[in-house]
Amino acid sequence: MAEPLLKVEHLQKSYGNKRVLEDISFEVDEGSVVVLLGPSGSGKSTLIRCLNGLEVFQSGSIVFNGETVQSSQKNWRRLRQQIGMVFQSYDLFPNMTVMENILLGPMKVQKRKKDEAARQALSLLKEVGMEQYAEAYPRELSGGQKQRVAIVRALELNPRLMLFDEVTASLDPEMVRGVLEIILRLAKENMTMIVVTHEMNFARQIGDKILFLEDGKILEQTPGSQFFARPQTDRAKKFLESMDF
Amino acid sequence: MAEPLLKVEHLQKSYGNKRVLEDISFEVDEGSVVVLLGPSGSGKSTLIRCLNGLEVFQSGSIVFNGETVQSSQKNWRRLRQQIGMVFQSYDLFPNMTVMENILLGPMKVQKRKKDEAARQALSLLKEVGMEQYAEAYPRELSGGQKQRVAIVRALELNPRLMLFDEVTASLDPEMVRGVLEIILRLAKENMTMIVVTHEMNFARQIGDKILFLEDGKILEQTPGSQFFARPQTDRAKKFLESMDF
Amino acid sequence: MDWTVIQQSMPIFIKGFWLTLRLSFFGILGAAVAGLLCSFVQYFKVPVLRQIVSAYVELSRNTPLLIQLFFLYYGLPQVGIKFPAEICGIIGLIFLGGSYMAEGFSGGLNGVPKTQVESGLAIGLNQFQLARYIVFPQGLMLSVPAFAANVIFLIKETSIFTVLAIPELTNTALDLIGMYYHTNEYLSLLVLAYAVILIPLSIILTWLEKKVRYGTFGN
Amino acid sequence: GNSSGSSSSSNPSSVSAIKKNGTIKIAVFGDLPPYGWVDKNGNRTGYDVALARQIAKDLNVKVKFVQVNANNRVDALKSNKVDLVLANFTVTPERKQVVDFANPYMKVSIGVVSPKKNPITNVNQLKGKSLIVNKGTTAENYFTSKYKDISLQKYDSKTEQFNALKNGRAAALADDNSYLYAWVKNHPDYTVGIKTLGPNQYIAPAVKKGNQSLLKWVNKEITKLNHNGFFKKDYNENLKPYFGSDITAEDIIITK
Amino acid sequence: MGHSGINIFFEGANFIRLLGGLYVSAKIALLAILFGGVLGIVLGVLRTLHNPLLRMILRLYLEFFRIVPTIVLLFLFYYILPQSFNINFKADTVGTLVFSLWMAAEMSDIVRGALISVPRHQVEAGKAIGLNPFQLYRYILLPQSVHLMIPATINLMTRIIKTTSLLLLISVVDVINVGQQIIEANSHRYQDGAFWVYGFIFILYFILCYPLSRLARRLERRGKVGANG
Ligand SMILES: Nc1ncnc2c1ncn2[C@@H]1O[C@H](COP(=O)(O)OP(=O)(O)OP(=O)(O)O)[C@@H](O)[C@H]1O
Ligand SMILES: Nc1ncnc2c1ncn2[C@@H]1O[C@H](COP(=O)(O)OP(=O)(O)OP(=O)(O)O)[C@@H](O)[C@H]1O
Ligand SMILES: [Mg+2]
Ligand SMILES: [Mg+2]
C-alpha cells in the first residue's frame, strides 16, 4: 500500500497548563475522507488548526507527503499552499470582491499569471454556481454563498488536502444542503479531506474513516460505515443518540 | 367553540419602505401550540416580536384574551406579564444571579412577595434541573443552562402564552435536546405557545398548527400532522426537503 | 543632578503635590457628577435640557482648557464675575471633564446590548425600571475604561493651572526654576511627581476595570 | 549638572560666530510696555528693543527677537536659545552664578503698586494679604526670602500679573519700580505706594556663562553708547512718554 | 465698560496679528499631525509584532508621553535637550517635535487597537492561503482597520490642535501670545481687553476643532452601521 498523504504521530498540544490534545496519531490516505466527530470542546478545531500550522503544538510530528514538519513557522507557508482550509466563520476578506478574494493567493503567493488564475477561478465558481457573483463584495452574499466562495478560494491553490471545520455551522438551515453537496462532490472527485461536522447524515455519507474525539484524545478510529452502525464505545453511542432528536 | 386566546388580524409591518409582514391573520387556541416555519428572512422573528409589542406595526390588530391591542406602548406593559418570551440569544442579565434574574419581574412588575415568588422560582428551577444553580451568575452557565433559566424566568410570571424564537439556534448540538424536552413537557401541560424553530423533528412532534411564512406572508396554515405529510404548497415542500439532508 | 537642591525643595514640592491631588479630586468628582447628569439627560432624551447638554459638550470638547481658564480667571472678572483661583481651576476642570465624562457614560449606556433591553421589556419592566435594573448597572460598568482614561487625562490637565498662579506641581517647578535656575533637577522632580501619582493610579484603574468587567459580564 | 560647554572653539554665541551667522538672537519681553512690547501694528518696540536694535546695528548683523518670560531668561541663555538677554534683567548674586552680566544700563529697585482706594504704602500693611509677583523676578525673590507672612501669587507673564491686579485678585503687585511708574500712568486708579524697597539694583545685558567674547564686546558697546548719548535718546523716545513728571531720566538711566 | 471692548480687534493690525498667531499654532499642529501620524502608523504596526523587547520599548514610549503632562514635555524638550545633549532647536521646532512625538505615541495606540480588532479568523484565513506577514498587513489588516482608525485619529487631531495653546509657555508667538501682547499694549484704552481677546481666541479654537469632531462623530456612526450591516 502507498504511503499515506498525511501522517500525524503522537501530537500533543496544551494551552498553558491545559492539555487540549493528547497523543493524537492517525493517517489520511490520498483520496480518502476523514471525519472528526466529538462533543464541543473535545479538540476538533484545535487538531485541524494544528495540521495547518495555525496553532503551535508541543510535541509529536506531522508528515505531509513524505515531508516531516515541526511546529516552526518556516515550513508552513509553503505547505499551506498544498493544504486548503475553510472555517466555520465566513472568512472572506470583506474589503475585496469575490474574484479578488480568490486571486490573492495564486497571484501574491504562487506568483501565477492573473489571466490563467482568473480562468481557473471562473471555472471553479461555475462549478459551485457562483459565476455571476465574481465582482460582488462579500457583504452582498448570503452565508451559504460566502462559504461556497471560501471553498473556491481554497481550491484555487490546487491543494492536495482540504480541511473543513464546521463550515455549515453558522449557516441558515436552508443553505446547509448546497454547501454540503459541494463537499460531497469533491469527495467523489477523490479530493483528500479532513472534515469536522455536526451533520450526522452528512458524516455518514462522506466519511471513509471516523475519528471520535473526547477531551483531546481519540476514543475511536473506525471506518465510517461501521461507526454509525455499531460505535465501539459507550461515549460515542451516547453522542450519536443525543444528535438526533 | 371557545374564543381563541390570541387572534391576529390583518397585521402589517414595514421597516421604512420595506414591507416585512403583510396581512397576517391567524388564531391561537388556548392550550395549543403554533409553530412558525419559513426560510430565513421570511419574517418569523418580526411577527413574534410584534405579538409582544417589541416592534410597532403599521396596521391590523391583535386580540389577546378578548382585549384588543393597538401598537401603542401603554397596553403592552400589562400584557407582557401574560406573554412570556425567550429569544435565540442568551439574554439573561449578566449582572444578576439566576435567582435575581427570575425574581426581577415578579417583584418589581407584579409586586409579589419575595418569599412566595422565590418558592415558585425554586420549584420551576427544579423542573428544568437547575435548582442547584440558583445563586450562580449567568457567566458560570453553559448555553443550554442559560436557556433553561430564561424559560423559567418567563414562566415565573405565570404567562398565558409563551413565545419561543429559535431558542436552540445558538446552542452546541449536544445541548439542544435538553432544552427542547422542556418545551415539549410544557406542551404536554397544555401551555399555549408559539414556537419558531428549525428543528423539523421537534416541530413535527409539538406543532398543533403550522404557519409557513415566506416574504412576510402566510403561505400555509395547516394542522401539524398534515403539513409534514403533505405540504400544500411547492414552496413548503421544497423547504422541507432542504431541511433534511 | 544636585541632590542638595532636590532635598531643599522637597517640602515645597510635596505641598504642590498635595494641592495637585486635592484639586484633581474635586475637579474629577465634579466632572463625574456633571457627566452622569448629562448622560442621564441624554439617555432619557429630556427635551430642552438635551439640546443644552449637547451644546455644552461641543463647546467644552472643542476648546482648550488653557483658554477656558484664561477666560474664567482673567476675562469674566472684567464683566463682574469673579472666583478665587483654585475655584476657577476646579470649575475649569469640571467644565472640561464633564463633557468627557458624559461621553464616556453615554458610550457605556449605548453599549448595553439591545437584547438586554428587550428581555427587560419582555418581562414587563417600565422605562424607569429598565434604566434602574438593566441599563445603568451594565452601562456604567461598560464605561469604566473610559472613566479611567478620563481620570488620568484630567489629572494631567491640572498642570495648566500654573497659569492661574496656583502653586500646584507644575507651577511650583517652574517657579523654582525661575528663582534658582536648577532646571534639570526641578524638571526631573516634576516628572517623577506625576509618575508617582499616575503610575499607581493607572495600575489600580486597570485592575478595577478587569474586576468590574468580570463581576458584571464574566469575561 | 549643567554642561556649560561654551569654550571658545564651539561657542555658538561668540562675536565671530554671530557675525558669521549674520544674526544675533536677543531675548526680550513681549508684553512689558514700555520696555519690551509689541505695538498694535505688530512691531516690537520699547527701550530694551531699541537697545537690541542698536547692538545689532553696531555688530553689523540682523537681529532676531526671542520673546521670553521672566522665568525663562536664564534657561534661554543656558540652552542657547539666545545669544543675549535684554529683558529687564536685574543683576543679582544668584543670577551672577548662572549667567554673565555685562555693564549695567539702568537703575532699578522694587516698587509696589496698589489701588488708589486702598493704597499700600508700607510693607507691613501687606502682612496676611496677597501680593502679586511675576515668577523669576527680583521682586519674587525678595519677598519669598524676606517676608514669609505675605502670601504670594506667582504669575508666568506680565500680562497675567497686571490682569490679576486689575481683577482685584490681591492687595498689591510688586515688580521693578520703573515699569510700575509707566503702568500707573496708563492706569490712573492705581498708585506706586511704595517707590523703592530693598537695595538699589542694576539692569544689565546678560550672556551665557563663560561667553567672554560677547561679554567683552557688549561691555565696550555699553560704554560707547553711554558716551554718545544713546541711552538718553532711547529714554526720551521710549520711556518718557510713559512716565509721569515725577520721574526723570537720571532716576532710570546710568550716566557715568 | 466704556466704549465697546470689541473695538480692540480693529486697532491697528490687531485682528490680522491674531490670525497670524493662529497660523503659527495651526502650522505646528499640522506638521505634528503629519509627521506624528506617519511615525505613529509605523510604530503601531511594530507594536502588533510578537517581539517582546520591541513591544516593551514602544509601550514605555507611549506611557511616558501618556503620563507626563504636555506642559512638562514642552519644558523638558525646550530646556533639557540643549543643555544635556547639546541639541538645540527653535521654540517652534521644539513645539513641532514634542507634538509629533506625542501624536506618534497616541497614534501608535490607535493603529494597534484597530489592527488587533480585525477578527482573528481574517488573519488566519490569510495565513491559510499562504500570505507572508508583510502581505497580511498589506492586503488584510491595514485595509480592514483604516475605517476604525479614522475617527479616533480625527479626535486626536483636535486634541493636538487644542493643546497647541500651551506653546505660549515656551515662548512660541502663537495666537495666545499675540493676544497677550495686544491685551498689554492696549490695556490703558481697553480695560476689559482680556475678556474680549480671550473670548475671541476661545471662539477661534472652537471654529477650528468643531468641524473636525463633527466629522469624527459622523464617521464613527457610519463605521458602526457599516460593521453591523
Ligand atoms: N486560545 C485558547 N486558549 C485556551 N484554551 C483554548 C483556546 N482555544 C481553545 N481552547 C480550549 O481547547 C479545548 C478544545 O477546543 P476546540 O475549539 O478545539 O474544541 P472543538 O472540538 O472544536 O469544539 P466545538 O465543537 O465547540 O467547535 C476546549 O476546552 C477549549 O476551551
Ligand atoms: N431593524 C430592521 N430594519 C430593517 N429591516 C429589518 C430589521 N429587522 C429585520 N429586518 C428585515 O425584515 C425581514 C424579516 O426578518 P426576520 O428577522 O423577521 O426574519 P426571520 O424569519 O426571523 O429570519 P431568521 O430565520 O433568519 O431568523 C428580513 O428581510 C430582515 O432583513
Ligand atoms: Mg470547533
Ligand atoms: Mg429570526
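Guide: Two strands count as paired if DSSP finds at least two bridges between them. Helices (H or I, at least four residues) and strands (E, at least two) are DSSP runs, numbered from the N terminus. With that rule, strand E4 and strand E5 (residues 67-69) of chain B pair in the antiparallel sense over three bridges. One of these links can be named by its residues: the bridge partner of Phe64(B) in E5(B) is Glu67(B). E4(B) and E5(B) form a hairpin with two residues between them, and Asn65(B) in that turn has a positive phi of about 55°.

This is a predicted model, in which local features need pLDDT of at least 70, side-chain atom pairs count only at pLDDT 80 or more, and totals for chains, interfaces and linings use all residues. Residues are numbered from 1 along each chain as its sequence is written, chains are lettered from A and ligands numbered from 1 in the order in which they are written, and side-chain values use heavy atoms, with hydrogens and water left out. The model scores ipTM 0.84 and pTM 0.86. For chain E, the mean pLDDT (the predictor's confidence in each residue, from 0 to 100) is 87, and 95% of the residues reach 70 or more.

Five bridges join E1 (residues 6-15) of chain B to E4 (residues 59-64) of chain B, and the two strands run antiparallel. Within this pair, Val8(B) has Ile62(B) of E4(B) as its bridge partner.

Now to ligand 2, which sits at chain B. A residue is near a molecule if one of its heavy atoms lies within 4 Å of it. There are 13 residues around ligand 2, and Ser40(B), Gly41(B), Lys44(B), Ser45(B) and Thr46(B) come nearest. Two elements, strand E2 (18-28) and helix H1 (44-50) of chain B, each supply at least two residues of this shell. The largest share, three residues, comes from H1(B). By type, the shell divides into three nonpolar, seven polar and three charged residues. Here Ala, Val, Leu, Ile, Met, Phe, Trp, Tyr, Cys and Pro count as nonpolar, Asp, Glu, Lys and Arg as charged, and the others, Gly among them, as polar.

Polar contacts come next: each is a pair of N or O atoms within 3.5 Å (within protein, one must be able to donate a hydrogen and the other to accept it, and residues adjacent in sequence count only if both atoms are side-chain atoms). The side chain of Thr46(B) has an N or O atom 2.4 Å from an oxygen atom of ligand 2. For Lys44(B), a polar side-chain atom lies 2.8 Å from an oxygen atom of the ligand. Lys18(B) has a side-chain N or O atom 3.1 Å from an oxygen atom of ligand 2. Taken alone, ligand 2 exposes 630 Å², of which the protein buries 63%; such areas come from the Shrake-Rupley method with a 1.4 Å probe, and for residues only the protein chains shown count as cover.

Chain A has its own site, with ligand 1. Of the 13 residues around ligand 1, Ser40(A), Gly41(A), Lys44(A), Ser45(A) and Thr46(A) come nearest. A polar side-chain atom of Ser40(A) lies 2.7 Å from an oxygen atom of ligand 1. Tyr15(A) has a side-chain N or O atom 3.3 Å from a nitrogen atom of the ligand, and a polar backbone atom of Ser42(A) is 3.2 Å from an oxygen atom of ligand 1. Alone, ligand 1 exposes 640 Å², and the protein buries 64% of that. H1(A) gives the most to the shell, with three residues.

The strands of chain A form an open sheet of four, ordered E2-E1-E4-E5, with antiparallel pairing. Strand E2 (18-28) and strand E5 (67-69) of chain A stand at the edges with a single partner strand each, so one side of each is left without a neighbour in the sheet. Seven bridges join E1 (residues 6-15) of chain A to E2(A), and Phe26(A) of E2(A) is the bridge partner of Val8(A).

Chain C is built from nine helices and zero strands.
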